[in-house]
Amino acid sequence: MGDILSDLDNYIPEDNPKKWAKLSSDVDFRRLELALLKEILIELKQINAR
């Protein structure tokens with residue numbers, strides 16, 4: 001993955017309820033959730049190390 005914020009933009013659909021419903025069951029979205037969680041945990045570790 002590159003910059004997580006850039007990657008996140010690819011997964012955010014316009015305000016279309018059908019797209020959001022499909023996305024919530026999508027395997028790629030689950031992978032994105034895990035990647036975001038990992039990035040958050042890395043950031044928190046860096047903050048705590050300061």
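Is Asp3 buried, partly exposed or exposed, and what is its relative accessible area? Asp3 is partly exposed, at 47% (buried means under 20% relative accessible area, exposed over 50%, and partly exposed in between, with a 1.4 Å probe and protein chains only).

This is a predicted model, in which local features need pLDDT of at least 70 and side-chain atom pairs count only at pLDDT 80 or more, while totals for chains, interfaces and linings use all residues. Residues are numbered from 1 along each chain as its sequence is written, and side-chain values use heavy atoms, with hydrogens and water left out.

**View 1. Overall fold of the protein chain.** Three helices and zero strands make up the secondary structure (DSSP runs numbered from the N terminus: helices are H or I, at least four residues; strands are E, at least two). Of the 50 residues, 14% count as buried.

**View 2. Model confidence along the protein chain.** The mean pLDDT (the predictor's confidence in each residue, from 0 to 100) is 76, and 72% of the residues score at least 70. Confidence is lowest in helix 2 (residues 17-24), with a mean of 69, and highest in helix 3 (residues 27-49), at 84.

**View 3. The negative surface patch.** Asp3, Asp9, Glu39 and Glu43 form this patch (residues with over 30% relative accessible area and no salt bridge, like charges being joined within 9 Å and nonpolar side chains, Val, Leu, Ile, Met, Phe, Trp and Tyr, within 5 Å; a salt bridge is a side-chain nitrogen of Lys or Arg within 4 Å of a carboxyl oxygen of Asp or Glu). Asp3 belongs to the segment before helix 1 (4-9).

**View 4. The nonpolar surface patch.** Leu34, Leu37, Ile40, Leu41, Leu44 and Ile47 make a patch of about 580 Å² (Shrake-Rupley method, 1.4 Å probe). Leu41 lies in helix 3 and is partly exposed, with a relative accessible area of 47%.

How values were computed. Lys, Arg positive; Asp, Glu negative; His and termini not counted. Charge placed at Lys NZ, Arg CZ, Asp CG, Glu CD.
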